[in-house]
Amino acid sequence: MAQLAHDHPEVASAFDSLAGQYDALFGHNAISERLRQKIYSTIDFWVRPPAKILDINCGTGTDGIHLAEKGFSIVAVDLSSRMIAEANRKSQGLPNAQFLVASYENLDHIAANEFDLVLSNFGGLNCTRDLTEVGKQVADRLKPGGYFIAVVMPSFSLWETFSFAIRRDFKKALRRLNRAGTVTQLNGISFTVYYYSPGQVARAFSAGFEVIETFGLNVFSPPPHAWKAAKRFPALTAGLEAIDDLLCRLPVLRSIGDHNVMVLRKRLR
Ligand SMILES: C[S@@+](CC[C@H](N)C(=O)[O-])C[C@H]1O[C@@H](n2cnc3c(N)ncnc32)[C@H](O)[C@@H]1O
């Protein structure tokens, strides 16, 4: 079969190779659980069950399953068929959650003007160099006035830069600034990650969306992959998390977390 531009076989293979270990490695530690709760509070603020939610890079389905259990109606897609197999295995018996293999760059087979909210959690959008096309795809799926919550790795992260710089790894400390993207490896499979500032995200989506909220995750506190170090210093970690909670919406600080959360609203036109 012909290879389509939105297939991204290297990204699919990389995440396929991770699917069986994903939850154990990244999905469920104290830090990622805390971040997920922040995303769920943000969703709860804007929509109520039985609203329809489309997750456009669902991974192993952790968010979709949680939201379906709360009464939301979920359609969730991911490029990686093994991620979707994990999601289907975990979600058995949930009638209001559907998990499908698809790219967020081509959602034509998902109903148009149907969803109250679209979610892209934890850096899925950092796998594309064409945010504008994704914005069109997402806008077409949403009802007028619907919400798009995008959790994106920005082009500068205070925590990441600092933690690599103190180890004198200056190449990695500055890797997010490379506009051409950064080649990354998962289980030995290479693919390119593109980092986007909130301004770049806002511009890419500006035809279809207005930005209504932006805040940073892990501006001062350790991100999920540093959970082992964080566990050794629980009081310090709790203190830094409290500072994040207080300051994460301020200009500049909201743009330099490990991830940024952006809430966008589809224009009424
Ligand atoms: C870091 S994981 C995040 C998964 C999940 N949202 C979570 O919170 O655990 C990024 C996911 O984005 C998916 N992804 C990357 N490019 C994609 C694309 N073009 N369309 C759909 N999913 C994609 C990957 O397969 C992977 O499962």
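Me: What makes up the shell around the ligand, by class?

Reply: The shell around the ligand has 11 nonpolar, 6 polar and 3 charged residues, where Asp, Glu, Lys and Arg count as charged, Ala, Val, Leu, Ile, Met, Phe, Trp, Tyr, Cys and Pro as nonpolar, and the others, Gly among them, as polar. The model is predicted, and local features need pLDDT of at least 70, side-chain atom pairs pLDDT 80 or more, while totals for chains, interfaces and linings use all residues. Residues are numbered from 1 along each chain as its sequence is written, and side-chain values use heavy atoms, leaving out hydrogens and water.

Me: Which of the residues around the ligand come nearest?

Reply: Of the 20 residues there (a heavy atom within 4 Å), Tyr22, Arg36, Asn57, Asp78 and Tyr104 come nearest.

Me: How much of the ligand does the protein bury?

Reply: Taken alone, the ligand exposes 600 Å² (Shrake-Rupley method, 1.4 Å probe), and the protein buries 95% of that.

Me: Which helix gives the most to the shell around the ligand?

Reply: Helix H1, residues 9-27, gives the most, with 3 residues; a helix here is a DSSP run (H or I) of at least four residues.

Methods:
Helices (H or I, at least four residues) and strands (E, at least two) are DSSP runs, numbered from the N terminus.
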